[in-house]
Amino acid sequence: MNEGEKDPGLYDFAPYRGRKPFVWPGDKKVAVWISPNLEFYEIDPPANPHRKSWAMPHPDVVRQSHRDHANRVSHWRMAEVMSKHGFPGSVSLSVALCQHHPNVVEDANQRGWEFFSHGIYNTRYSYGMDEAQERAIIEDSIKTVRDATGQTIRGWLAPALTHTPRTLDLIAEYGLDYTCDLYHDDQPQRVKTKTGDLISMPYSLEVNDHYGFFVYNMSPREYADTLIRQYERLAAEPSGTVMCIPLHSYLIGQPHRIGPFEDVLKHIAADAGHGGRAWITRSGDIADAWRAIHTKEA
Amino acid sequence: MSLDPEYLEYPKRGLGYDHGLFPYSVMEERKPLAWPEGKSVATWMVVSLEWFPITPESSPFKAPGHMQTAYPDYRHYTAREYGTRVGFYRLLDAFAKADVKVSVAANAAIAQRYPSVIRDIVDAGHEIIAHSSDMNGTIASTLPVEEERKLITESIAILSDVAGVKPRGWHSIARQQSFATMDLLKEAGIEYCCDWVNDELPYAFNNGVVNIPLNHELSDRQIINVQQQSADSYAQQMLDAHDWLSAEAKVHGGRMLPMHLTPYIIGLPYRMDAFETLLGDLKAREGTWFARGCDILDQFRSQM
């Protein structure tokens, strides 16, 4: 990025109007991917000078144990519903989960889910890191996920969405090919980096379950209705859109929410067969398909 | 700019948790629990009965629901009192009508100030859970351990004296504890707490005290007060949860639906009809086992 400048220089302006429609594999109009956050939150993390981890003195019992619900209960509830309706996950992973609860990572891997890095812990922030420190967490992420799953990570969602001005250049240099940290478009776009070939993968804060429930204060059924409206709109627009559903099992996997959410998956899955509009897929597959189409054109 | 090198060191990065409070365990992999008479969902209501001094304290932290305006905050002081005088009696009547026994997490101040309320609870067969002194009695790691010990033992003693029976359970204000709390509860003879929300069934801490998770997401405070949803939506969410848990129970064994209630929230006139209808709907569901915390604890203990 252009550090210190008014325009960070992340990408070229490209208005939505006038773009050439294209189809996803199988002649589908909208690529749908689900991004479960598989996270580990430390109970007593060290302090980062730029951001506090927990609102309460440690242990912040409610906030920390709420998130731990994912690794004891709700991961499986969420994952079962996804598998039942044919949705793989593209996991935003606190890579230390590979050490703390390898069973959760193994479950996701066996379901055919893709992994990208969400930092070491969601309680360790990148703010204030120097270049060597940031390289260390990228290298740690690549090695940890490879050792635990055999997969080589391709994407990055900054830990707790904390960045430095170098992050995008560094992940591109290490060969990662998509970032989930930019929210400027409903289609993948090229990102300007010093080296490498990085694209922005449409993720979403707006329909993230955390925003749905705690920013917009939606009921479970209102959130389900929101996802269906988001899907219907993106499927109806000129072909080649992306819809991401970012989830936290400790939120969507609560017993009052999972039923309405399952109705969303049924709705989208019913539009994914022959002649349907939905390509239910993973983030890496979207990156590959987008590159295949746009490299041919270029 | 760079961070202290220790920020990139992870001495507790290994199998299991980064603390020694309780072991890691996956709910699905445990021996299934069976509730009495083959019931599928233990439906556990916990009413918080609290007294808010008009002189709020913010150390270790200010309790949720506490005074908000400059002194004297008549509006919040009296609105909370409304819950104890009026709303709570609406709830007691609703429980009697539905023939449901519940747990009441009471501040010791309720016993000191309004002992007749405690007798009404006990006479109706409800359980008393110790819930600190009053709403200035918050706990966190910044509270000296000696003060925390005193807060816990005195609260239990006052409630025991008025109720005529010693509470078996403990509920911290806002569920917030210090690293010492579980051991102090053990020392005070408490058998279970309902502060940690990381599970949906009881589990034991390493020191033997059981945690019965009282889901904060399913509380009237969270849904109605924080998220500003209607009582009808709240009721629907409870029924949706109950339906889901009933279906899971067929495969995985007994499930639990914790319903945390606040008299000054759910006990308002315009919300009570929806709540009474919800009680009736829950009662009509075949799998419902209305249970108090102590009943769930006894079942859990007898099956472990």
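So, the crossing of H7(A) and H9(A): it's right-handed. Keep in mind that this is a predicted model. H7 of chain A runs over residues 220–236, and H9 of chain A over residues 258–269. Their axes come within 8 Å and cross at roughly 15 degrees. Angles under 35 degrees count as roughly parallel, so H7(A) is roughly parallel to H9(A).

Which residues in H7(A) meet H9(A)? On the H7(A) side you'll find A:Pro220, A:Arg221, A:Ala224, A:Leu227, A:Ile228 and A:Tyr231. Facing them from H9(A) are A:Pro260, A:Phe261, A:Asp263, A:Val264, A:His267 and A:Ile268. If you sort that contact by class, you get nine nonpolar residues, one polar and two charged.

Staying in chain A, let's look at one residue, A:Glu173. You'll find A:Glu173 in helix H5, which covers residues 167–173 of chain A. Is A:Glu173 buried, exposed or partly exposed? The call here is partly exposed, because A:Glu173 has 16 C-beta neighbours inside 10 Å. For reference, a residue needs 20 or more to be buried and 12 or fewer to be exposed.

And what does A:Glu173 touch? Leaving out residues up to four places away in sequence, A:Glu173 touches A:Thr195 and A:Gly196. There's also A:Leu198, 25 residues from A:Glu173 along the chain, with 9.3 Å between the two C-alpha atoms.

Okay, over to chain B. This chain has ten helices and nine strands. Its radius of gyration is 20 Å, close to the 19 Å that the globule rule gives for 304 residues, so chain B is as compact as a globular protein of that length. Along the principal axes, the C-alpha trace of chain B spans about 60 × 55 × 45 Å.

How much of chain B is buried? Buried residues account for 50% of the 304. Then there's the contact pattern: take the contacts in chain B between residues at least 6 apart in sequence, and 74% of them join residues at least 24 apart.

Last bit: where the two chains meet. Chain B puts 47 residues into the contact, and chain A puts in 38. On the side of chain B that touches chain A, the classes come out as 20 nonpolar, 16 polar and eleven charged residues.

If you've got the structure open, go and find H7(A) and H9(A), with A:Leu227 and A:Val264 among the residues in that contact.

Note on methods
Residues are numbered from 1 along each chain as its sequence is written. Chains are lettered from A and ligands numbered from 1 in the order in which they are written. This is a predicted model: local features need pLDDT of at least 70, side-chain atom pairs count only at pLDDT 80 or more; totals for chains, interfaces and linings use all residues. Two residues are in contact if their C-beta atoms, placed from the backbone, lie within 7 Å. Ala, Val, Leu, Ile, Met, Phe, Trp, Tyr, Cys and Pro count as nonpolar, Asp, Glu, Lys and Arg as charged, and the others, Gly among them, as polar. Axes are lines fitted to C-alpha atoms, for helices over the stretch in contact, and angles run from 0 to 180 degrees between N-to-C directions. Helices (H or I, at least four residues) and strands (E, at least two) are DSSP runs, numbered from the N terminus. Angles under 35 degrees count as roughly parallel, over 145 as roughly antiparallel, 65 to 115 as roughly perpendicular and the rest as oblique. A crossing is left-handed if the near helix is turned anticlockwise from the far one by less than a right angle, and right-handed if clockwise. The radius of gyration is taken over C-alpha atoms; the globule rule is 2.2 Å times the number of residues to the power 0.38.
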